[in-house]
Amino acid sequence: MPSEIVYVPRKGTNSRKWDNLRERFSFDNEPLPLWIADMDFQAPQCVIDALGEYCAQGVYGYYSVPDDYFDAIIKWEKEHHGYNIEREWICFSPGVVAGFNWLLQSFTAPGDAVIIQTPVYYPFSEAVVNNARTLVESELVRTDTSYRIDLNDFEQKVIDNNVKGFIFCSPHNPCGRVWTKDEITKLLNICKKHGVIVLSDEIHQDILAKDYVHVPAATVGDFNDILVTISAPSKTFNVAGCQNSFIVIPDEN
């Protein structure tokens, strides 16, 4: 890691966050680009060094995924989150958004109802609608300082709409909630009871406030038969442009 945080001015560098801002929004003054979770700080030096070494070889052809790729995921999840992953469970995805779009196509059919907890990252609803699934929303309940899950509303909407899939955001974007083991367990119990496949987007698992601990959905109980986890190093280490995410599917079926 660098000894100090290095800020990088990114205007005029084909940064989507900065250079596409006015194409997306209309402002009279100079807006702050809070619309993309993309930092303006340099990645860790080890990342810069590894990319530099790869670029220096001068050939960027097809390549095989090395054992280190799988080993790094397995080691990180075990050491930082207590999640024991087997190598054969890991699949590559160029991004978590591509991942949950593919998974919706794989585990649900056109017309099937898919539930999300709003307000939430907008590509969740886009994935449901763009894949010709039926969007169902269970709103989070606003408290004085945070948000909580309305479990009764969630289950009733699962029942009423015969929901087949659930895209779970953990930790939650944009509400910032780090869900507790009890909250996750209750949600997954509802999904298992009603045969709902859960796609758990855990990309923000390593960006947490002090005294908060991320609990992987896959570690709260016996839910492997309904649960797929999606994550990436992109938010933690500011490498979203490298298009590298992983999907964990523990059930061979």
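The sulfur of Cys169 lies 8.6 Å from the closest cysteine sulfur, that of Cys175, which is too far for a bond. The model is predicted, so that local features require a pLDDT of at least 70 and side-chain atom pairs count only at pLDDT 80 or more, while totals for chains, interfaces and linings use all residues. Residues are numbered from 1 along each chain as its sequence is written, and side-chain values use heavy atoms, with hydrogens and water left out. For Cys242, the closest cysteine sulfur belongs to Cys55, at 9.1 Å, again too far for a bond. A disulfide is taken as a pair of cysteine sulfur atoms within 2.5 Å, and a search of the whole structure returns zero disulfides. Cys169 is buried, with a relative accessibility of 4%, whereas Cys242 is partly exposed at 41%. In these assignments, buried means under 20% relative accessible area, exposed means over 50%, and partly exposed lies in between (1.4 Å probe, protein chains only).

Salt bridges were assigned where a side-chain nitrogen of Lys or Arg lies within 4 Å of a carboxyl oxygen of Asp or Glu, and the count comes to nine. Arg10 forms one of these with Asp40, the closest N and O atoms being 3.0 Å apart. Because Arg10 lies in the segment before α1 and Asp40 in the loop between α2 (21–24) and α3 (45–56), the pair ties together parts that are 30 residues apart in sequence. Helices (H or I, at least four residues) and strands (E, at least two) are DSSP runs, numbered from the N terminus. Asp40 also forms a salt bridge with Lys17, with the closest N and O atoms 3.1 Å apart. This second pair links distant parts of the chain, since Lys17 belongs to helix α1 and Asp40 to the loop between α2 and α3, 23 residues apart. Asp40 is buried, with a relative accessible area of 10%, as is Lys17, at 8%. Arg10 is likewise buried. Together with Asp38, the residues Arg10, Lys17 and Asp40 are linked in a network of salt bridges.

A further salt bridge joins the side chains of Asp67 and Arg87, at 2.8 Å from N to O. Asp67 lies in helix α4 (residues 67–81) and Arg87 in the loop between α4 and β1 (90–93), so this pair connects parts that are 20 residues apart in sequence. Asp67 is partly exposed, at 44% relative accessibility, and Arg87 is partly exposed at 37%.

Aromatic rings of Phe, Tyr and Trp (its six-membered ring) were paired if their centres lie within 6.5 Å; planes under 30 degrees apart count as stacked, over 60 as edge-to-face and the rest as tilted. The whole structure contains 10 aromatic pairs by this search. Tyr54 and Tyr60 form a tilted pair, with 5.9 Å from centre to centre and 45° between the planes. Tyr54 is partly exposed, at 36% relative accessibility, and Tyr60 is exposed, at 52%. The rings of Tyr121 and Tyr122 have their centres 5.8 Å apart and their planes at 55°, so this pair is tilted. Relative accessibility is 27% for Tyr121, which counts as partly exposed, and 34% for Tyr122, also partly exposed. Tyr121 and Tyr122 belong to one aromatic cluster with Phe100 and Phe124.

Several backbone features fall in loops. The peptide bond from Thr118 to Pro119 is cis, with omega near 0°, and Pro119 is placed in the loop between β2 (113–118) and α6 (123–130). Ser170 and Pro171 are likewise joined by a cis peptide bond, with omega of about -5°; Pro171 lies in the loop between β6 (163–169) and α8 (181–193). Asn162 has a positive phi, near 50°, in a residue other than glycine. Asn162 is found in the loop between α7 (151–161) and β6 and is partly exposed, at 49% relative accessibility. Asn238 is not a glycine but has a positive phi of about 60°. The loop between α9 (234–237) and β9 (245–248) holds Asn238, which is buried, with a relative accessible area of 18%.

Ile207 occupies the loop between β7 (197–201) and β8 (227–231) and is partly exposed, with a relative accessible area of 44%. With contact defined as heavy atoms within 4.5 Å, Ile207 touches Lys235 and Thr236, not counting residues up to four places away in sequence.
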